Amino acid sequence: MDTIQLNISKQQFFGMLQAMPEQDKLEVFDRLRKSLFISRFDRLLKSVRTDELSMDDITREVEAVRQKHYEEGKQ
């Protein structure tokens, strides 16, 4: 596969995207979504990480919710 390097402004790039058929836009979107997933997931994990909760705390909470759902008939 031959490679071409283009120097275009962000505005030119957005203009090219605007002119693309919907199917091509969806392909670009899908590739961007896949390439950004790991970094976005890592940021999410870092934002929710805490030393304030132990695995025992989490387990107790999960069991309490399960018990409540069971009692309400929401198995």
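**Exercise 1.** Work out how the side chains of Glu27 and Arg31 meet, and where the two residues lie.

*Solution.* The side chains of Glu27 and Arg31 meet in a salt bridge at 3.4 Å, N to O, a salt bridge being a side-chain nitrogen of Lys or Arg within 4 Å of a carboxyl oxygen of Asp or Glu. This is a predicted model, in which local features need pLDDT of at least 70 and side-chain atom pairs count only at pLDDT 80 or more, while totals for chains, interfaces and linings use all residues. Residues are numbered from 1 along each chain as its sequence is written, and side-chain values use heavy atoms, with hydrogens and water left out. Next, both residues lie in helix 2, 4 residues apart, about one turn of the helix; helices are DSSP runs of H or I with at least four residues, numbered from the N terminus.

**Exercise 2.** Find which residues are linked with Asp30 in a network of salt bridges.

*Solution.* Start with Arg33, which forms a salt bridge with Asp30, the closest N and O atoms being 2.3 Å apart; the two lie 3 residues apart in helix 2. Then take Lys34, whose salt bridge with Asp30 has its closest N and O atoms 3.2 Å apart. Together, Asp30, Arg33 and Lys34 are linked in a network.
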